[in-house]
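Please find below my notes on the model you asked me to look over. They are meant to be read with the coordinates open.

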Amino acid sequence: MTFEGTPPQADDRANSFPWPPVLFAGVIGVGWLLTRHFPLTWPGTDDWPARIIGLGFGAAGIALSLAAIVTLRRLGTTVMPDGRSTALVTSGPYVRFRNPIYLGEVLLLLSVAEITKSFWYVAAAALFALLVTRLQILPEERYLERRFGNAYLDYKAHSRRWV
C-alpha cells in the first residue's frame, strides 16, 4: 500500500549523503581488520546447529533486504537512502518493520560473526545499528512525518523501527 503526500520539494529529503551503504561497508572493513589483527573469537560452539543458525541469519537478511527493495521499486519510490520519497510504503516487509533493509544488513553482520567465529562482527552489527539509527533513521522519520503527515504517524504507530 502507498500513500501520496505533499509533492517533494527540490531539496526535500531525509539526507543528502547515502549513510547506510557507507556505514555498512565501513563496519565490514573494520570488522575484517580487527578480526585479522586482534582476533576475538566467538564464544559459541563450532557445531552444525550453530552454523545453520548463522546461515539462517544470513539468508533471512538477504531475503528481507531483497523483499524490501522489490517492494520499493514496485511502488515506484526511491531505494537510495539519500533520495526523495514519492510514496509511503506500508506493504511487503514494511508492514511490520519500518527499516527492513537495515535490519537485513544487521542480520548479515551477525551471520558473518557466526561463520567467521569473530566477535568483532557482533560489535560491527551493534555499531552499524547505532550509527544508522542516528545518521539515517531519525532524520528519515522526521522527513517522512513532514512529507506524509498523519499517514506516516499512523503507520509509525503500527510498525517497529527495528524488531
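The points that follow go from the overall fold to individual helices and residues.

1. Overall architecture. This is a predicted model, and the comments here should be read with that in mind. The protein has five helices and two strands, which follow one another along the sequence in the pattern β-α-α-β-α-α-α. Taken along the principal axes, the C-alpha atoms fill a box of roughly 50 × 30 × 25 Å. Of the 163 residues, 40% count as buried, and among contacts between residues at least 6 apart in sequence, 79% join residues at least 24 apart.

2. Helix α2. This helix spans residues 48-74, and its 27 residues reach 38 Å from the first C-alpha to the last, which is close to the 39 Å expected at 1.5 Å a residue. Its buried residues are Ala 50, Gly 54, Gly 58, Gly 61, Leu 64, Ser 65, Ala 68, Thr 71 and Leu 72. These buried residues pack against strand β2 (88-89) and helix α3 (100-116).

3. The contact of α4 with α5. On the α4 side the contact involves Glu 141, Leu 144, Glu 145 and Phe 148, which meet Asn 150, Ala 151, Tyr 152, Leu 153 and Lys 156 of α5.

4. Aromatic pairs. The structure holds three aromatic pairs. In one of them, the rings of Tyr 152 and Tyr 155 have their centres 6.2 Å apart and their planes at 55°, so the pair is tilted. Tyr 152 and Tyr 155 are three residues apart in helix α5 and are therefore separated by about one helical turn.

5. Tyr 143. This residue lies in helix α4 and, at 1% relative accessibility, counts as buried. Leaving aside its neighbours within four places in sequence, Tyr 143 is in contact with Asp 12, Arg 13, Ala 14, Arg 84 and Ser 85. Ser 85 is 58 residues away from Tyr 143 along the chain, yet their C-alpha atoms are separated by 9.2 Å.

6. Trp 19. This residue lies in helix α1 (residues 19-37) and is partly exposed, with a relative accessible area of 27%. Apart from neighbours within four places in sequence, Trp 19 is in contact with Leu 135 and Gln 136. Trp 19 and Gly 149, which are 130 residues apart in sequence, lie 24 Å apart in space from C-alpha to C-alpha.

7. Ser 118. Not counting residues up to four places away in sequence, Ser 118 touches Thr 35, Leu 40, Trp 42 and Ala 113.

Technical notes. Residues numbered from 1 in each chain as written. Predicted model: local features only at pLDDT ≥ 70, side-chain atom pairs only at ≥ 80, totals over all residues. Heavy atoms only, no water. Contact = heavy atoms within 4.5 Å. Helix = DSSP H or I, 4+ residues; strand = E, 2+ residues; numbered from the N terminus. Phe/Tyr/Trp six-rings, centres within 6.5 Å; stacked < 30°, edge-to-face > 60°. Expected span 1.5 Å × (residues − 1). Buried < 20%, exposed > 50% of the residue type's maximum accessible area, 1.4 Å probe, protein only.
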